[in-house]
Amino acid sequence: MDLYQEIILEHAKRPHHAGLRDPFNAQVHHVNPTCGDEVTLRVQLSGEGRSAVIADLSYDAVGCSISTASTSVLTDEVIGYSVEQALSTFVAVRRMLTSKGADSGDEDEIGDGVAFAGVSKYPARVKCALLGWVAFTDALTQAGIDISATSAITSNTISSNTISSNTMENS
Amino acid sequence: MSDVALARAFTAQESAAIRGDFAILARSVRGGKPLVYLDSGATSHKPRQVLDAERAFYEWHNSAVHRGAHQLAEEATDAFESARETVARFIGAKTREVVFTKNATEALNLVTYAFSNAAAAGAMDGVEPALAARFALGEGDEIVITEMEHHANLIPWQELARRTGATLRWIGVTDDGRLDLGDLETVITDRTKVVAFTHVSNVLGTINPVAAIVDRARAVGALTVLDACQSVPHMAVDVVDLGVDFLAFSGHKMLGPMGVGVLWGRYELLAAMPPFLTGGSMIEVVRMEGSTYADPPQRFEAGVPMAAQAVGLAAACDYLTALGMPRVTAHEHALTEALLAGLAQRPWVRVVGPVDGKDRSGAVAFVVDGIHPHDVGQILDDAGVAVRVGHHCAWPLHRRMNLTATTRASFAAYNTVAEVEALLTALDRVPVVFGTEV
C-alpha cells in the first residue's frame with residue numbers, strides 16, 4: 001500500500017511546529033464531522049496583503065496520521081513564505097490530492113507534500129489531508145487576506161467546502 | 001431467551017449456503033483481496049431472495065398502491081399490504097400498527113413531530129383529553145434519552161425540546177459501556193413525558209435493559225420509544241414482550257432494501273397522533289377549507305409509498321425467519337465471542353464497551369493504542385476487511401468515553417469465524433506499519 005509513506009509516518013509521529021503560539025492575527029477551528037478530527041490553527045503575518053510573509057503558523061490538532069502529517073508538512077511549506085507563494089503551494093497540493101492518482105505532485109512546488117500523492121486514490125482520506133490546509137486558507141481570510149483568486153484558479157477541481165461535502169456518510 | 005441459549009451457530013455447510021445467497025460476498029476488493037465485510041451495523045448486504053422479490057414486483061405488479069382500480073393497482077396494493085403483514089408478524093405486532101417510513105430516522109422524526117404538531121390549534125380535536133395530554137409538551141416537561149444514542153435518536157429529541165420549550169435530559173453511560181441505571185429514578189420523573197432509548201448500542205453492542213426503563217417510564221406515565229435498528233436484524237424482537245409504546249428500525253440493516261424503514265406504535269397512540277408528512281394517500285376527505293385524515297397507518301404514509309422496497313423488506317423478514325432468529329443470534333454471538341477473545345490477546349487493543357459476551361450484540365468497537373481509527377481502518381481495508389471508523393453517528397457517546405473515534409466491526413448472519421480471523425490477522429499489521437510494536 002502506497003498510502004503510508006515513511007515521510008508521512010515521520011511527520012505524524014513528530015509533527016513540526018506543533019502547539020499554539022502567540023502572537024497571532026487569526027485563529028480558526030476546523031472539524032471533520034465524519035470522524036471528529038479537529039484542528040485549531042493560528043496564523044501570524046508580517047506585512048500586508050498577498051505579499052505578507054507567514055511569520056508563524058501554529059496549531060493544536062487531534063487527528064489521524066494523514067491529517068496530522070499533512071498539517072505538519074503545511075507548516076514546513078508555508079512558514080517564512082509569502083501569502084502568494086503559500087497559496088500557490090496550497091493550490092498545487094489540492095490539485096494533487098483531488099487528482100484521483102493522476103497528479104503525483106512536484107517536489108519543487110510542494111516539498112514533502114508529494115508524499116501524500118497516494119492519498120488521492122482514497123477519496124475518503126482526501127479530507128483528512130486537506131483539513132489543515134483548508135483551515136490555513138480560512139485563517140488567511142480571517143486575517144483579512146482576499147483568497148478569492150485562489151478559489152477561482154481551482155474552481156474546476158475542488159472548493160474549500162470539500163470538507164463538508166465529503167461528509168455524507170456521517171448520518 | 002431459552003431457545004437462543006439452545007440454538008447453535010450455523011455449520012460450515014449452512015454458512016456456505018447462506019453466503020451463496022449474497023452475490024457481493026464473492027467479489028474481491030483492493031487488488032484481488034476477498035471481501036471481508038464486517039460493517040453490517042452500517043448497512044447489511046441483501047440476499048438474492050430480497051432482490052428477486054423487488055425485481056418481481058417491478059416486472060410483474062408495478063403500480064402505484066392505494067390508487068386506481070385496474071388489476072396491477074390491485075396487485076401492487078395487495079403486495080404492499082401483504083408486506084406490512086409479514087413485517088408485523090416478524091415483530092409480533094398487529095398489522096395496522098406498522099407504518100412504513102423511508103428509514104428509521106424518519107420513523108423517529110415522525111414520533112417527535114407528533115408531539116410538536118399536537119400543540120397546533122385543532123390538531124388533537126376529537127382525541128380523548130387524557131390521551132391528548134400525553135402528547136402535550138412544553139416548558140417544565142422533560143424528554144429523556146441516553147448518552148449512547150445514535151444521532152438519529154438524539155437530534156430529533158434535541159430539536160423537539162427546542163421547538164416546545166421542554167427540557168432534554170439523559171441517562172448516563174458507565175465506563176464499561178452500560179447505561180447508568182443508578183440515575184433512573186432521578187432522571188425519569190413525574191416531569192418526564194417521553195423516554196427514547198436504543199435497544200442495542202450501535203457502537204458498544206450493549207443490549208440495554210428495556211424492562212427496567214419501561215417500568216420506570218410507565219410508573220411516571222411517560223411514553224417510551226425504542227430505537228431497534230441494531231436489535232431487530234440480530235435477535236427475535238416482540239413488541240408486546242418489550243412493552244414499549246413505539247419502536248423504530250430500518251430495512252437496510254436487516255438484509256432488506258435501502259429506502260424503507262418501520263415505525264411500530266400502539267394503535268391507540270397512532271390514532272391520537274396528528275400527521276407528520278402530508279399530501280396524497282393520507283387523507284380522508286379533502287376540501288379547500290380544510291381536510292380530515294385517514295386512520296393509521298395510512299395517515300403517516302403520504303405520497304406513493306416505497307412498495308417495492310416494502311416487498312423486499314418482507315422478503316428479508318422471511319429470509320431471517322427461515323434462518324431462525326435464535327440461530328442468527330447464536331451465530332453472531334459466537335462470532336462476537338471469537339472476536340472479543342482475539343482482541344483480548346492483543347494488549348495494544350482496547351475494546352470500547354462490554355468486554356464479555358453477556359447482554360451484548362455483535363457490534364464491537366475498539367481502539368489501538370496510539371493509532372487513529374482512520375489509520376486502523378485503512379490498514380484493514382488494504383487487506384480487504386471492511387469496518388467502520390469514526391464516531392458512528394454517536395458523537396456524545398465517544399466524548400463520554402474520552403474518544404474522538406473508534407474502529408467498529410459488526411456482524412450479520414453471513415459472517416464467519418474465518419472472517420474474524422482475517423480481521424485479527426490484518427489488525428496485527430497495524431503496529432508493524434506504524435512502528436508501535438511492543
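In the predicted model, β14(B) and strand β17 (residues 406-410) of chain B pair in the antiparallel sense, with 4 bridges between them. Within this pairing, Phe366(B) has Thr407(B) of β17(B) as its bridge partner. Strand β13 (residues 349-352) of chain B is also joined to β14(B), again by 4 bridges, and the two run antiparallel. Here Val352(B) is bridged to Ala365(B) of β14(B).

Strand β14 spans residues 363-368 of chain B, and 6 of its 6 residues are buried, so the strand is largely enclosed by the rest of the structure. Its side chains point two ways. Ala363(B), Ala365(B) and Val367(B) point one way from β14(B). Val364(B), Phe366(B) and Val368(B) point the other way, and these are buried as well.

Chain B also holds an open sheet of 7 strands. The strand order is β4-β10-β9-β8-β7-β5-β6, and the pairing is mixed. Strands β4 (98-101) and β6 (167-171) of chain B form the edges, each pairing on one side only. Neighbouring strands of this sheet are turned against each other by 20 degrees on average, direction ignored. Strands β9 (residues 246-250) and β10 (residues 261-265) of chain B pair in the antiparallel sense over 5 bridges. One residue of this pairing is Phe249(B), whose bridge partner in β10(B) is Val262(B).

Helix α7 (residues 155-164) of chain B lies across β5 (142-146), β6, β7 (192-198) and β8 (223-227) of chain B. Helix α7(B) runs at about 165 degrees to β5(B).

Helix α4(B) also packs on α12(B). The angle between them is about 35 degrees, and their axes are 8 Å apart. The crossing of α4(B) past α12(B) is left-handed. On the α4(B) side, the contact is made by Ala79(B), Phe80(B), Ala83(B), Thr86(B), Val87(B) and Phe90(B). The α12(B) side contributes several residues, including Ala307(B), Ala310(B), Val311(B), Leu313(B), Ala314(B) and Cys317(B).

In chain B, the rings of Phe22(B) and Tyr319(B) have centres 5.9 Å apart and planes at 85 degrees, so the pair is edge-to-face. Phe22(B) lies in the loop between α2 (12-20) and β1 (28-29) of chain B, and Tyr319(B) in helix α12 (residues 307-323) of chain B, so the pair ties together parts that are 297 residues apart in sequence. Phe22(B) counts as buried at 1% relative accessibility. Tyr319(B) is buried too, with a relative accessible area of 7%. Together with Tyr414(B), Phe22(B) and Tyr319(B) form one aromatic cluster.

Charges also sit over rings in chain B. The charged end of Arg96(B) is over the ring of Tyr267(B), 3.7 Å from its centre. Arg163(B) lies over the face of Tyr113(B), at 3.8 Å from the ring centre.

Note on methods
Residues are numbered from 1 along each chain as its sequence is written. Chains are lettered from A and ligands numbered from 1 in the order in which they are written. This is a predicted model: local features need pLDDT of at least 70, side-chain atom pairs count only at pLDDT 80 or more; totals for chains, interfaces and linings use all residues. Side-chain values use heavy atoms; hydrogens and water are left out. Two strands pair if DSSP finds at least two bridges between them. Axes are lines fitted to C-alpha atoms, for helices over the stretch in contact, and angles run from 0 to 180 degrees between N-to-C directions. Contact means heavy atoms within 4.5 Å. Rings of Phe, Tyr and Trp (its six-membered ring) pair if their centres lie within 6.5 Å; planes under 30 degrees apart count as stacked, over 60 as edge-to-face and the rest as tilted. Buried means under 20% relative accessible area, exposed over 50%, partly exposed in between (1.4 Å probe, protein chains only). A charge sits over a ring if NZ of Lys or CZ of Arg is within 6 Å of the ring centre and within 35 degrees of the ring normal. A crossing is left-handed if the near helix is turned anticlockwise from the far one by less than a right angle, and right-handed if clockwise.
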